[in-house]
Amino acid sequence: MVAESIKGHWHSPKNNLVDATNYVLHELGQPLHAFDADRIHGKKIIVKTMPGGTKFMTLDGEERELHEEDLMICDAEKPMCIAGVFGGIYSGVTEDTTSIFLESAYFDPISIRKTAKRHGLNTDASFRFERGIDIENVEYSLKRAALLIKEIAGGDITSDIVDLYPKKQKDIEVFLGFDKIYGLVGQEIPKDMIKRILASLEIKVKNVTESGMGLVVPSYRVDVKRPVDVIEEILRVYGYNNIAFKTKLNASIASVSKFEDYKVQNVIGNLLASRGFYEILTNSLTSPDYSSLTSNNAANETVAMLNPLSGDLSVMRQSMLFTGLEAIAYNSNRKNQDLKFFEFGNTYHHMGEKREEYKHLALYITGKQHRESWKKIEEKTDFFFLKAIVENVLIRLGISNTTSEPLEDAIYSEGLSLNVNKNQLVRFGVIKKATVKHFDIKSEVFYAEFVWDNVLKVAQSNEIVVKDIPKYPEVKRDLALLLDDKTSFKAVHDLAFQTEKRLLQHITLFDVYTGKNLPEGKKSYAVGFYLQDKNATLTDTQIDKIMKKLQNRFETELGATIR
């Protein structure tokens, strides 16, 4: 640190002292700070850290809590300035100031960056200190500012320069091998040309050998510390357009599985796009407040950023949901309310001492199923519309043997998870109203989150079987079943296939009725059964026998009545 005292004589209330320090800042790139000398208690300047939580009022009038690692410039009693970042309100130059203490210093870039980010400050001084300044320019800049103040403001220099430089910084020495230049550039640059370029850049050649050169980099080139940095500077002057390239292009064809991640993503992306979905890409940095909307343990699993850009982007996301809801809210506020989005992305979790990263495919749906059209009846999106999309994605990958379970999750009001063996492939459902309301979204939001690694694993294990198209016709028969309210269509579906495994191809539920003319606690299902023999045309006798068998099974095990 270099400092000097100046006695001021002025007849104008304008603060031309600070203007002089700012002028030098922009002229030479060296931040300076002027203290009111009469406000420095004990006539001492001490550079140190303060206990965490210490209150300090900055020049903008805001009281801040200091961190124990914040470097402070203090007098004998109190802190006066956050070093390299921002001055204090009680030690700055005012209209009544008659003498100043001028400070010019070099601070560690990492320390200044952390302090500036902690306090949300981005000043001209911190901007330059964070990126590194020329330590050899500190004293010259102080002299320049002092002479400006003497000339323009009528000040008198009343002390010698005090220079505290206990550990002198060594010049940066770099060995640059000629092979390294050739290996990176791809062609030889004449040695004489390299020397001339280095001389023009003020990089001194200390010694030259057959293998390379020993170089000394000037202190103001804080961005040149490695051999590759020097090569970049040489190329910049030599000209990238002077580097020749071969006209022959060599390429090799690699054997790639059709289940490579990017290929499967393209297949599913095209499928969803054909269903009216738009792909979005949201930020993996998000707000820590969202953890309160998920499970109780979410806050403990947060992966926090060491140097966050802001408080709203200080943690890695643990769920794909919330950044998607932000996108829905943004569109809804601009009159775009019928939305179908999908996104491939990662979530991040702090599990004990480990950090885990999981890949997902997320689907977001809200509003109407289709755009307005005279050909279509307006239908709002519902749970079953989402379920159909989810099943289409799995079927497209050859996955059909899933089991479903009711979903108990803090973000869903109701939902299901689909699994294969013990692998959860996807969970989906209706997002809770409280969560949607948090984002000021007024319509229901339906959300599905695929565990992408599990989906890929199961998809690769499935064998694709190719069969001839059946030559014989398919037959449909319907049954109207009166069932208990608690009986699900899945129970009917599974029981039917247990009863007839060979000729029953698929089942559809085409009507559900509850209300008048039905006993209390009952509902009516209209179910279509599709039968087909791949080797012959079915006869009425065969069909009637199968339908009778299905009817008896429904009556016996489900308590059904045929209407």
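Strands here are DSSP runs of E with at least two residues, helices are runs of H or I with at least four, and both are numbered from the N terminus. Two strands count as paired if DSSP finds at least two bridges between them. The model is predicted, so local features need pLDDT of at least 70 and side-chain atom pairs count only at pLDDT 80 or more, while totals for chains, interfaces and linings use all residues. Residues are numbered from 1 along each chain as its sequence is written, and side-chain values use heavy atoms, leaving out hydrogens and water.

Now widen the selection to the sheet. S6 and S7 belong to an open sheet of four strands, ordered S3-S6-S7-S8 with antiparallel pairing. Strand S3 (46-49) and strand S8 (86-87) are at the edges; each has a single partner strand, so one side of each lacks a neighbour in the sheet.

Next, pick Cys81 in S7, which stands opposite Ile73. Is Cys81 buried or exposed? Cys81 is buried, at 4% relative accessible area (buried is under 20%, exposed over 50%, partly exposed in between, with a 1.4 Å probe and protein chains only). Cys74 is also buried, at 1%. The closest cysteine sulfur to that of Cys74 is in Cys81, 9.4 Å away, which is too far for a bond. A disulfide needs two cysteine sulfur atoms within 2.5 Å, and the count by this rule is zero.

Move to Asp70, in the loop between S5 and S6, and Arg118, in helix H2 (residues 109-119). They form a salt bridge, with the closest N and O atoms 2.9 Å apart (a side-chain nitrogen of Lys or Arg within 4 Å of a carboxyl oxygen of Asp or Glu). The pair ties together parts that are 48 residues apart in sequence. Asp70 is buried at 0% relative accessible area, whereas Arg118 is partly exposed at 34%. The count of salt bridges comes to 27.

Finish with the largest nonpolar core, which has 35 residues; Leu361 and Leu363 have the most contacts inside it. Such a core is a set of buried Ala, Val, Leu, Ile, Met, Phe, Trp, Tyr and Cys residues joined through side-chain atoms within 4.5 Å. Helix H10 (383-396) is among the elements that each supply at least two residues of this core, and H10 gives the most, with seven.
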